[in-house]
Amino acid sequence: MKSVYVPFLSLVAVLVLTVAATEPPKALTCEETKSLVTPCLDFLTDKTNTPPTPCCQGLNKLIVSTPTKEEKLTACKCLKEAASQIPNFDVSRVNNLPKVCNINVNYPISKDFDCDK
């Protein structure tokens, strides 16, 4: 009887670990979203000519971390509100940031974009 329990318990442990490992990651908070693009501020306010590597890495992580429409909407609203507080914000640089970072996105990135659409 003892020999039956050991394989069974091993199987249960593997299943529990598999389920835990495949759980979807939690959505980004607004603070996390803003922190991912904070390295872009000097570029977006014309203080530098090119975005630094952490900016492009953060933008890429933001895009990868917001796969659903709801997550994109939340991130969009968060970043629009944050952008409204930044003086000297260059809208054309925002629009070109994915291209400058060599990141493909299938939606516009703009300060004036309507997040609800």
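Buried here means under 20% relative accessible area, exposed means over 50%, and partly exposed lies in between, with a 1.4 Å probe and protein chains only.

The model is predicted, so local features need pLDDT of at least 70 and side-chain atom pairs count only at pLDDT 80 or more, while totals for chains, interfaces and linings use all residues. Residues are numbered from 1 along each chain as its sequence is written, and side-chain values use heavy atoms, with hydrogens and water left out.

I turn to the partner of Cys-101. Cys-101 forms a disulfide with Cys-56, the sulfur atoms being 2.0 Å apart; a disulfide is defined as a pair of cysteine sulfur atoms within 2.5 Å. The torsion about this S-S bond is about -70°, so the disulfide of Cys-56 and Cys-101 is left-handed. Cys-56 lies in helix α4 and Cys-101 in the segment after α6 (91-100), so the pair ties together parts that are 45 residues apart in sequence. Cys-56 is also buried, with a relative accessible area of 16%.

Helices in this account are DSSP runs of H or I with at least four residues, strands are runs of E with at least two, and both are numbered from the N terminus. On that basis the protein chain has 6 helices and 0 strands, in the order α-α-α-α-α-α along the sequence.

How many disulfides does the structure hold? There are 4. With the bonded cysteines of the protein chain numbered in sequence order, the pairing reads 1-6, 2-3, 4-7, 5-8.

A further pair is Cys-30 and Cys-78, whose sulfur atoms are 2.0 Å apart in their disulfide. Cys-30 belongs to helix α2 and Cys-78 to helix α5, so this bond ties together parts 48 residues apart in sequence. Its S-S torsion is about 85°, so the disulfide of Cys-30 and Cys-78 is right-handed. Cys-30 is partly exposed, at a relative accessible area of 34%, whereas Cys-78 is buried, at 7%.

Cys-76 and Cys-115 are joined by a disulfide as well, with an S to S distance of 1.9 Å. This pair links distant parts of the chain, since Cys-76 is in helix α5 and Cys-115 in the segment after α6, 39 residues apart. The torsion about the S-S bond of Cys-76 and Cys-115 is about -80°, so the disulfide is left-handed. Both Cys-76 and Cys-115 are buried.

Helix α5 deserves a separate word. The expected span of a helix is 1.5 Å times one less than its number of residues. For the 15 residues of α5 (residues 69-83) that gives 21 Å, and the end C-alpha atoms are 21 Å apart, which agrees. Which residues of α5 are buried? They are Glu-71, Ala-75, Cys-76, Cys-78, Ala-82 and Ala-83. An α-helix has 3.6 residues a turn, so residues three or four places apart point the same way. The cover over the buried residues of α5 includes α2 (30-37) and α4 (53-64), where contact means heavy atoms within 4.5 Å.

Next, the largest pocket. A pocket is an open set of points on a 1 Å grid over the protein atoms alone, with protein on both sides within 12 Å along at least five of seven lines, and lining residues have an atom within 4 Å of a point. Grid points are joined across faces, edges and corners, and a volume is the space filled by probe spheres set on the points. The volume of the largest pocket is about 740 Å³. Of its 31 lining residues, Leu-62, Ala-75, Cys-76, Leu-79 and Ile-109 are the closest to its centre. At least two lining residues come from each of α2, α3 (41-44), α4, α5 and α6, and α5 provides the largest share, 9 residues.

Two neighbouring positions remain. Asp-90 lies in the loop between α5 and α6 and counts as buried at 17% relative accessibility. Leaving aside residues up to four places away in sequence, Asp-90 touches Leu-44 and Asp-46. Val-91 is in helix α6 and is partly exposed, with a relative accessible area of 26%. Val-91 and Asp-112 are 21 residues apart in sequence and 8.4 Å apart in space, C-alpha to C-alpha.

Finally, the chain overall. Of the 117 residues of the protein chain, 26% count as buried. Among contacts between residues at least 6 apart in sequence, 68% join residues at least 24 apart.

Conventions:
1 Å grid on protein atoms, 1.4 Å probe; cavity = no way out; pocket = protein on both sides within 12 Å on 5 of 7 lines; lining within 4 Å.
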